[in-house]
Every structure is written in structure tokens, then in C-alpha cells.
Amino acid sequence: MIFDSHAHYCDPRYDEDRDLLLAAMPDAGVGRLFMPGSSLDDQEKIIQIAAGYDFIYAGAGIHPHHSDATKEDLDKLEGYLQQASAHKIVAVGECGLDTFAVEGYPPPDRDAQRALFDAQLCLAGRYDLPVVVHDRDAHEDCLDLIRAHPGNRTLFHCFSGDAGLAKTLCGMGIYISFSGMLTYKKNTELRGAAAAVPDEFLLIETDAPYLAPEPLRGKRCDSTMIPHILHVLAEARGQTVEDVERLTWDNAVRFFGLA
């Protein structure tokens with residue numbers, strides 16, 4: 001069975017067929033999946049979806065695109081974390097840093113993003129929850145903040161760095177997850193990074209509805225597409241699909257603290 005370690009099923013692109021799609025996941029080989037929180041506006045919806053399915057778990061966090069979050073927002077986030085077990089919340093995040101300008105969001109404010117990320121790293125330590133990190137063109141800044149919180153269990157989702165960064169992260173005990181980007185023909189360096197990750201730190205994800213893998217690129221992504229990523233990941237590492245499926249499942253279960 002496959003563990004999709006990052007998928008956004010609260011996205012409105014699933015509004016018409018969400019329940020039908022999610023109900024079919026186990027028969028499609030997806031045994032568990034994690035839905036991160038990225039906006040407090042979506043948090044109740046995420047909790048509601050996770051409550052409806054035994055195999056879905058939730059995160060609670062504030063994405064760096066929302067770096068204008070207030071102290072009241074952080075207090076509200078902490079309220080969710082205080083009730084983590086009741087809401088099936090198994091991680092803080094996604095949270096992190098993103099220097100890329102995106103239409104519809106304020107221009108990146110690095111200082112505000114750093115402050116927000118640091119606050120969530122503190123919350124993760126306070127409530128003994130792992131952290132799911134969003135890192136886009138901000139590798140060193142992310143590492144600086146993570147080093148200041150050495151007790152946290154950490155995952156870099158949708159990894160976009162090279163083999164050197166992968167080795168640095170894994171040397172710090174940090175987990176790494178690969179998405180459909182791994183399958184894109186131009187991403188030879190990313191496949192090299194996938195080959196460099198030790199077995200015990202490797203995870204797999206879709207980041208649905210984004211980043212559909214080849215040969216489905218451009219479509220709305222969902223967890224049933226993850227075998228395409230799995231095959232490329234196994235090929236890049238010189239392992240069997242069955243072995244990579246097993247170890248990414250075991251690693252996700254361990255990272256999220258699930259039985």
C-alpha cells in the first residue's frame with residue numbers, strides 16, 4: 001500500500017467529486033494520506049475531511065504565503081494543536097519559507113516569513129509534533145531556523161534541491177519527500193538527489209492537486225497518480241517498486257507517529 005504524505009483535498013478543485021475520489025483510494029492502493037494545513041481559513045474543512053476517513057490524517061499550519069498572520073492567528077493555530085489527537089492532527093504545517101512571488105498573495109516578506117516559521121517551529125516543539133516544511137528557493141534560511149530547533153522531527157516536502165542538500169538534510173536526521181516533479185524529463189538533478197537519500201529518510205507524495213506526474217502533467221493531480229512517481233523514484237534509486245513502496249510507507253508511519 002502507498003502512503004501519500006502530502007495532498008490538499010480541501011482544495012475547491014475537488015468540490016464536485018471529493019467524496020467519490022477519496023472513497024476509492026484504498027481500492028486504488030492508497031492506504032494512508034496526510035492533508036497539511038496551510039491556511040486557518042481551511043483548517044475546519046481539513047479536520048472535517050480527515051474525520052470522515054480512517055486512512056486520512058491532518059496537519060495544522062500557516063503557509064509562508066500567509067506571512068501577514070497575526071498573534072491572534074497563531075493563538076488560533078495553537079488552539080488546534082492543543083486538541084491535536086481529537087482532530088487527527090499529526091503534524092505542524094505546512095510551514096516554511098518561499099521567496100517566489102505568486103499572483104493573489106502579497107509579495108514575499110522574508111522577515112515576516114522567518115518570524116512565522118520560527119513561531120510554528122516553537123509550537124511543534126511545545127506540542128511534540130513533527131514539522132512539514134515548505135521550502136522554495138530558501139534552502140539556507142530554512143536550515144538556519146531548523147538548526148535553532150534541533151529537537152523537532154522534520155520533513156522537507158516536495159523536495160527541490162540537489163544531492164548535496166539532500167545529504168545535508170539527512171545528516172541532520174531530516175526526512176525528504178518527492179513529488180511528481182521527479183518525473184519531469186528536465187529534472188535529472190532532482191533524480192540524482194533522490195538517489196542520495198538514505199532508505200530511512202525517504203517519503204513520497206503527490207502535493208495534489210498540483211504537480212501531476214508524467215505522463216499526466218497538466219491534469220488535476222490526485223493520489224491515484226502516485227504509482228507514476230513511485231516507478232521513477234525506484235528507477236532513480238536502483239531499487240524495486242515494491243521495496244520503495246514499503247520503505248516510504250514505513251518511513252511515513254514513523255515520521256507522523258502512527259501505529
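1. Basis. This is a predicted model, in which local features need pLDDT of at least 70 and side-chain atom pairs count only at pLDDT 80 or more, while totals for chains, interfaces and linings use all residues. Residues are numbered from 1 along each chain as its sequence is written, and side-chain values use heavy atoms, with hydrogens and water left out.

2. Fold. The protein chain has 9 helices and 8 strands. These are DSSP runs numbered from the N terminus: helices are H or I with at least four residues, strands are E with at least two. The radius of gyration is 17 Å, close to the 18 Å of the globule rule for 259 residues, so the chain is as compact as a globular protein of that length. The radius is taken over C-alpha atoms, and the rule is 2.2 Å times the number of residues to the power 0.38. The C-alpha atoms fill a box of roughly 45 × 40 × 40 Å along the principal axes.

3. Packing. Buried residues are 55% of the 259. Buried means under 20% relative accessible area, exposed over 50%, and partly exposed in between, with a 1.4 Å probe and protein chains only. Among contacts with a separation of 6 or more, 70% join residues 24 or more positions apart. A contact means heavy atoms within 4.5 Å.

4. Aromatic pairs. The structure holds 9 of them. Rings of Phe, Tyr and Trp (its six-membered ring) pair if their centres lie within 6.5 Å; planes under 30 degrees apart are stacked, over 60 edge-to-face, the rest tilted. F3 and W249 make an edge-to-face pair, 5.8 Å centre to centre with 65° between the planes. F3 is in strand β1 (residues 2-4) and W249 in helix α9 (residues 241-256), so the pair ties together parts 246 residues apart in sequence. F3 is buried at 1% relative accessibility. W249 is partly exposed at 21%.

5. Cis peptide bonds. The bond from G93 to E94 is cis, with omega near 25°. E94 sits in strand β4 (residues 89-98). The bond from A208 to P209 is also cis, with omega near 10°. P209 lies in the loop between β8 (202-204) and α8 (226-237).

6. Positive phi. D137, a residue other than glycine, has phi near 55°. Its loop runs between β5 (131-136) and α5 (139-147). D137 is exposed at 51%. L211 has phi near 60° and is in the loop between β8 and α8. L211 is partly exposed at 25%.
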